[in-house]
Protein chains: 2
Amino acid sequence: MKLEEAIKSTKFKSEVHKAVLHILYTAWWLKTVGAKELKEFGLTHEQYNVLRILKGKHPEQMCVRDIASRMIEKSSNVPRIIDRLELKKLVKRNTSALDKRETVITITQGGIALLAASTLVMDEKMMKQFVLSEEEAVTLNVLLEKIREIA
Amino acid sequence: MKLEEAIKSTKFKSEVHKAVLHILYTAWWLKTVGAKELKEFGLTHEQYNVLRILKGKHPEQMCVRDIASRMIEKSSNVPRIIDRLELKKLVKRNTSALDKRETVITITQGGIALLAASTLVMDEKMMKQFVLSEEEAVTLNVLLEKIREIA
DNA sequence: TTTATATAAATGTATATACACGTATTTATT
DNA sequence: AATAAATACGTGTATATACATTTATATAAA
């Protein structure tokens, strides 16, 4: 569906203005499509993101601040997301021995298994479905980088 | 800041995969930059969006469903956003005479004034600051359209 | 006309976002 | 060593997201 139909709007102040709305809409669309797949695994987008971050360092532990710095949405409340993952026994929390202020998190075997299963589905049902070519994706990445270059 | 620094990640499965994360990150970044400006007016991004939608039809009224269909994030809970706008007397709610199930919303003079002031700031401090050219924005819009073309 | 179905909006609930603040602990300064 | 400043995390609050349910009203079908 074209952006114009999606938000029932045809007049934009400029192509740049349209692009801003387009990025916001596409992000929402991507999240929605992904969330639908993740729901079968009882995961939210953010919980999935935290699990992926932890898996990337496994078997090393990570502290909360470290996880937060890798989140896509920087204002995510990581302690609370970990609360939910801990309840489901997908991660384990421990106080750091070196610095008692730090809480170190480890992904459990259950977490690894659920992440593997959900990633498989996400890759098959989402990532592999995109029509966009690798070359087009490179261009897209360059342009997205550029929109954050503020004068 | 490059995406790699922003989310402290260097290895992506593909450029397409990177682009997906990039869109999500850029959307968050755009919302954050915009929200900072809107905060001075006591508005959230979503409240601003609803006011803009209402202004587009003014002096016509709009029902809740009509507003919802124009929202960027389709799962927005419009009645609740309107609750907040109504409390601040930026919009007015009335039951439709034709169909008593419908609630019709009108933007007030105060709403129009606040929207005008905040749009001025948003345009000056945000929209006009982008380095992206109109031609680049066209390409960006084409590619964003394409990423939603799922096989 | 009565009943069933559909529709519009509001409401409830769990989670997340955005941000301020509190508490414990560590590091730096005097 | 005592105090101050910084840091890490957790918690509180308002708003939003995502989605299910409820209530009122309108429309369709029996």
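The model toured below is predicted.

Please select E60(A), which sits in the loop that runs between α3 and β1 (62–63) of chain A. E60(A) has a relative accessible area of 52% and is therefore exposed, since the cut-off for that class is over 50%.

P59(A) belongs to the loop between α3 and β1 of chain A. Display the backbone here: the peptide bond that joins H58(A) and P59(A) is cis, with omega about 5°. Moving to chain B, select H58(B) and P59(B), where the peptide bond is cis, with omega near 5°. P59(B) is placed in the loop between α3 and β1 (62–63) of chain B.

Select K89(A), in the loop between α5 and β2 (91–95) of chain A. Its phi is near 55°, which is a positive value in a residue other than glycine. With 64% relative accessibility, K89(A) is counted as exposed.

Then select K89(B), in the loop between α5 and β2 (91–95) of chain B. The phi of K89(B) is near 60°, again a positive value in a residue other than glycine. K89(B) has a relative accessible area of 65% and is exposed.

A pair of aromatic rings is described by the distance of the centres and the angle of the planes. Over all chains there are 2 aromatic pairs. Select Y25(A) and W28(A): their ring centres are 5.8 Å apart and their planes meet at 35°, so this pair is tilted. Both residues lie in helix α2 (residues 15–39) of chain A, and because they are 3 residues apart, about one helical turn separates them. Are these side chains in buried or exposed residues? Y25(A) is buried at 6% relative accessibility, and W28(A) is buried at 14%.

In chain B, Y25(B) and W28(B) form a tilted aromatic pair, with 5.8 Å from centre to centre and 35° between the planes. These two residues are 3 apart in helix α2 (residues 15–39) of chain B, which means that about one helical turn lies between them. Y25(B) is buried at 6% relative accessibility, as is W28(B) at 15%.

**Fourth stop: where the two protein chains meet**

Colour chains A and B separately. In this interface, 58 residues of chain B are in contact with 58 residues of chain A. The two chains bury about 6,300 Å² between them, and 67% of this area is on carbon and sulfur atoms. Select L24(B), I72(B) and R148(B), which supply 12% of the area that chain B buries against chain A, more than any other three residues.

Show the residues around DNA strand C. There are 24 of them, and the closest are T44(A), S75(A), R65(B), R80(B) and R93(B). Both protein chains contribute elements to this surface: α3 (45–57) and α5 (78–87) of chain A, and α2, α4 (64–70) and α5 (78–87) of chain B, each supply at least two residues. By class, the surface holds 4 nonpolar, 7 polar and 13 charged residues.

Which part of DNA strand C comes within 4 Å of the protein? Of those atoms, 75% belong to sugar or phosphate and the rest to bases. For phosphate contacts, select V64(B), whose backbone places an N or O atom 3.0 Å from a phosphate oxygen, and R65(B), whose side chain has an N or O atom 2.6 Å from a phosphate oxygen. For a base contact, select R80(B), with a polar side-chain atom 2.7 Å from a base oxygen of DNA strand C.

**Last stop: DNA strand D**

Keep R80(B) selected: a polar side-chain atom of R80(B) is also 3.3 Å from a base nitrogen of DNA strand D. Around DNA strand D there are 24 residues, the closest being R65(A), R80(A), R93(A), T44(B) and S75(B). Sugar and phosphate make up 74% of the atoms of DNA strand D within 4 Å of the protein. Finally, select K100(B), where a backbone N or O atom lies 3.2 Å from a phosphate oxygen of DNA strand D.

How values were computed. Residues are numbered from 1 along each chain as its sequence is written. Chains are lettered from A and ligands numbered from 1 in the order in which they are written. This is a predicted model: local features need pLDDT of at least 70, side-chain atom pairs count only at pLDDT 80 or more; totals for chains, interfaces and linings use all residues. Side-chain values use heavy atoms; hydrogens and water are left out. Rings of Phe, Tyr and Trp (its six-membered ring) pair if their centres lie within 6.5 Å; planes under 30 degrees apart count as stacked, over 60 as edge-to-face and the rest as tilted. Helices (H or I, at least four residues) and strands (E, at least two) are DSSP runs, numbered from the N terminus. Buried means under 20% relative accessible area, exposed over 50%, partly exposed in between (1.4 Å probe, protein chains only). A residue is near a molecule or strand if one of its heavy atoms lies within 4 Å of it. A polar contact is a pair of N or O atoms within 3.5 Å; within protein, one must be able to donate a hydrogen and the other to accept it, and residues adjacent in sequence count only if both atoms are side-chain atoms. Ala, Val, Leu, Ile, Met, Phe, Trp, Tyr, Cys and Pro count as nonpolar, Asp, Glu, Lys and Arg as charged, and the others, Gly among them, as polar. Contact means heavy atoms within 4.5 Å. Buried area is the accessible area (1.4 Å probe) that two parts lose on being put together, summed over both.
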